[in-house]
Amino acid sequence: MSTTPPIAMVEEPVATAGLGGGRHRNKTTKIRGFRAGFWVYAGLGVVVLSAVFPYYWSFLIGSGDSTTISDPNMSWIPGGNFFANAASVVNDPAVNFWPALWNSIYSSTLIAASVVLTSTLAGWAFAKLRFRGSKPLLVFVVATMAVPTQLGVVPLYILFADLGWTGSVGAIIIPALTSAFGVFWMTQYLQQTVPDELIEAARVDGATMMRTFWTIAVPAARPAAAMLFLFTFVGAWNNFFWPFIVLDRRDPTLPVALSLLQSNYFVDYSIVLAGVLLATIPLILLFAFAGRQLVSGIMAGAVKG
C-alpha cells in the first residue's frame, strides 16, 4: 500500500498572456506540505536575538560608567556616556586609534583582494585546465588547512626579523596573500558554474586562456568572490595573534590597539566595550552594503537555474 509523502513537489499550470492576444500555460513548481508557521518565525527570532544581544550588552555597558558592570540593579536602558567613553578611546595616546584603524583597513582590504585574485586564478586552473599532477597538488593545498597556524609562528618571525620587516604592516600582509580555503572554495564553485562547452566555444572563437578567464570565469565567479572577500576581510580585521607578535605597539592594528585599553583601564569596562563597539562598526557597515552579494554567493551553489 502506497502512502503520500507530507512534502511533495507538484506542477501547477499558470495561465499567462501570449503573443497575439492568445494564452498559453506555463508550469511553476511549488512545494506542498510545508509552510513557514509560528515555530519557524519563533526559531528565527531566537537566532536573531542571540546574534544581536552581545552587541546590545556591549552598548549597555559601554554607555555607562566604571560601576555599571558590577551594579546588581543595573538598568537595561542604555546610559548617556557612550560618546564620552568612545572619545576616551579615540583620544587615548597609548591606543593610537586612527593609525590603528587605517592599518586595519589597509591590511584587511589588501589581504582580501589578494586572496580573491589568487584563489580565483588557482581555482580556474584546478577546475578547468588539464595539467599533470593537478589532483595531487589540489589535495596538498587542501591538506595545508589542517596545519595549525601556530606551528609556523617561530620560523616566520625569524624570517621577518632577518629581513628587517618586523614592526611594519607588511609583515601581516605578506603571509596572508593566499588562502588554501579560498583556492578550494573557488575550485569547487567554478567546476559547478562554468560548463566546459562555454570554454571550448571561447577557444574556437580565438580567445586566449587569459581572455577566457577574464570574460567567462570572472563574471561567473563574482558571487563566490564577493563572499570570499567578505569572510577574508573579517578574518584579517579580527586577527590578533600574529599582529600582536610581529607589530610594534606604536603602529598596531585595531585589535592590538584595543587590547591596550585593558591594561590602561583594567576596571573600567565601559571604555573597553566602547572601543570594541567602535571596532565593529566598519564590519557592520561592510555587511550592510554587501549583504546582497553575500546571500547570492551562498545561494548560487544551492540553486541552479
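**Figure 1. Accessible surface and overall make-up of the chain in the predicted model.** The accessible surface of the chain amounts to about 19100 Å², and 67% of this area belongs to carbon and sulfur atoms. The chain holds 305 residues, of which 32% are buried, and its secondary structure consists of 13 helices and two strands. When contacts between residues at least 6 apart in sequence are considered, 67% of them join residues at least 24 apart.

**Figure 2. The largest nonpolar core, with 28 residues.** Within this core, the residues that touch the most other members are Trp124, Ile172, Leu190, Val194, Trp242 and Val246. Two or more residues are contributed by each of helix H3 (97-128), helix H5 (153-163), helix H6 (170-173), helix H7 (180-193), helix H8 (196-204), helix H9 (209-220), helix H10 (222-238) and helix H11 (241-246). Of these contributions, the largest share is that of H3, which supplies five residues.

Figure 3. Ile172, like Val246, is listed among the residues of the largest core that touch the most other members.

**Figure 4. The salt bridge between Asp196 and Lys128.** A search of the whole structure finds two salt bridges, and in the one shown here the closest N and O atoms of Asp196 and Lys128 are 3.0 Å apart. Because Asp196 lies in helix H8 and Lys128 in helix H3, the pair ties together parts that are 68 residues apart in sequence. Asp196 is partly exposed, with a relative accessible area of 36%, whereas Lys128, at 15% relative accessibility, falls under the 20% limit and therefore counts as buried.

**Figure 5. The salt bridge between Asp248 and Arg250.** In this pair the closest N and O atoms are 2.9 Å apart. Side chains of opposite charge can pair when their charged atoms come close. Asp248 is partly exposed, its relative accessible area being 28%, while Arg250 has a relative accessibility of 65% and so counts as exposed, the cut-off being over 50%.

**Figure 6. Helix H9 and its buried residues.** At 1.5 Å a residue, the 12 residues of H9 should span 16 Å, and the distance of 15 Å between its end C-alpha atoms agrees with this expectation. The buried residues of H9 are Thr212, Phe213, Ile216 and Ala217. These residues cover an arc of only 115° around the axis, and therefore lie on the same side of H9. Among the elements that cover the buried residues of H9 are H3, H7 and H8.

**Figure 7. The backbone at Asn96.** Although Asn96 is not a glycine, its phi is positive, at about 55°. Most residues other than glycine have a negative phi, and most peptide bonds are trans. Asn96 is placed in the loop between helix H2 (82-91) and H3, and this residue is partly exposed, with a relative accessible area of 25%.

Key: Residues are numbered from 1 along each chain as its sequence is written. This is a predicted model: local features need pLDDT of at least 70, side-chain atom pairs count only at pLDDT 80 or more; totals for chains, interfaces and linings use all residues. Side-chain values use heavy atoms; hydrogens and water are left out. A nonpolar core is a set of buried Ala, Val, Leu, Ile, Met, Phe, Trp, Tyr and Cys residues joined through side-chain atoms within 4.5 Å. Buried means under 20% relative accessible area, exposed over 50%, partly exposed in between (1.4 Å probe, protein chains only). Helices (H or I, at least four residues) and strands (E, at least two) are DSSP runs, numbered from the N terminus. A salt bridge is a side-chain nitrogen of Lys or Arg within 4 Å of a carboxyl oxygen of Asp or Glu. The expected span of a helix is 1.5 Å times one less than its number of residues. The arc is that of the directions from the helix axis to the C-beta atoms. Contact means heavy atoms within 4.5 Å. Accessible areas come from the Shrake-Rupley method with a 1.4 Å probe; for residues, only the protein chains shown count as cover.
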